[in-house]
Amino acid sequence: MEVRCGGHSVHDMFHTNIHHIRNISPKLINHFEIHEGEVGKIGAVLCWKYMDDGKEKFLKEEIKNIDPQKKSITWEVIEGDVLELYNFFTIITSNEHQWTTVTFEYEKKTEDTPEPLSFLDYFINVTKDIEGHLLSK
């Protein structure tokens, strides 16, 4: 998605200021906690309670990779509601100039499992909240 605040600013928020996203997007994120490690470091484990499709859900993820050149972060979901539908779920964000890209890598548990469109919508809305916050500064 295009972001007027600059992709580098969104990357900085996801990388070093992720703990502030709860305050930036309170309607979508109910709780955030650093379970293990340090913000912005590979191996950090983050826990979220978030609203998806009108329901509170839980997600625990580990930062697996950070690429400063590509302004990219890879998170692997290790617990949570999303793993009820998928055997594995990885979130990759990458940012450049005026663009933020999110990629989901996953494997459905069954053929009938839906695509994660509501989770994608949630992620887009959080990114819009971040953009609005950064533009208001």
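Reader: How much space lies in the largest cavity?
Author: The model is predicted, so local features require pLDDT of at least 70 and side-chain atom pairs pLDDT 80 or more, whereas totals for chains, interfaces and linings use all residues. Residues are numbered from 1 along each chain as its sequence is written, and side-chain values use heavy atoms, without hydrogens or water. A cavity is a set of points on a 1 Å grid over the protein atoms alone where a 1.4 Å probe fits but cannot get out, and its volume is the space filled by probe spheres set on the points, joined across faces, edges and corners. For the largest cavity, this space is about 160 Å³.

Reader: Which element gives the most to the lining of the largest cavity?
Author: The lining (residues with an atom within 4 Å of a point) comprises 14 residues, with Phe14, Trp48, Glu61, Tyr122 and Phe123 nearest the centre of the cavity. Elements are DSSP runs numbered from the N terminus (helices: H or I, at least four residues; strands: E, at least two). E2, E3 and H3 each give two or more residues to this lining. The greatest contribution, four residues, is that of H3.

Reader: What volume does the largest pocket have?
Author: A pocket is an open set of grid points with protein on both sides within 12 Å along at least five of seven lines. The largest pocket is lined by 15 residues, and those nearest its centre are Asp52, Lys57, Leu85, Tyr86 and Ser118. Two or more lining residues come from each of strand E2 (45–52), E3 and helix H3 (117–136). The volume of the largest pocket is about 230 Å³.

Reader: Which strands stand at the edges of the sheet?
Author: Six strands form an open, antiparallel sheet in the order E1-E2-E3-E4-E5-E6, where pairing requires at least two DSSP bridges between two strands. A strand with a single partner has one side left without a neighbour in the sheet, and this applies to strand E1 (29–36) and strand E6 (99–108).

Reader: Over how many bridges do E5 and E6 pair?
Author: Strand E5 covers residues 86–96 and runs antiparallel to E6. Within this pair of strands, Phe89 stands opposite Tyr106. The number of bridges between E5 and E6 is 10.

Reader: How many residues of H1 are buried?
Author: The buried residues of H1 (under 20% relative accessible area) include Val10, Met13 and Phe14. They pack, by contact (heavy atoms within 4.5 Å), against helix H2 (21–24), E3, E4, E5, E6 and H3. H1 is mostly covered, for among its 10 residues the buried ones number seven.

Reader: What relative accessible area does His97 have?
Author: His97, in the loop between E5 and E6, is another residue other than glycine with a positive phi, about 35°. His97 counts as exposed because its relative accessible area is 66%.

Reader: How far apart in space are Gln69 and Leu59?
Author: Gln69 lies in the loop between E3 and E4 and is exposed at 73% relative accessibility. In sequence, Gln69 and Leu59 are 10 residues apart. In space, their C-alpha to C-alpha distance is 27 Å.

Conventions. Buried means under 20% relative accessible area, exposed over 50%, partly exposed in between (1.4 Å probe, protein chains only).
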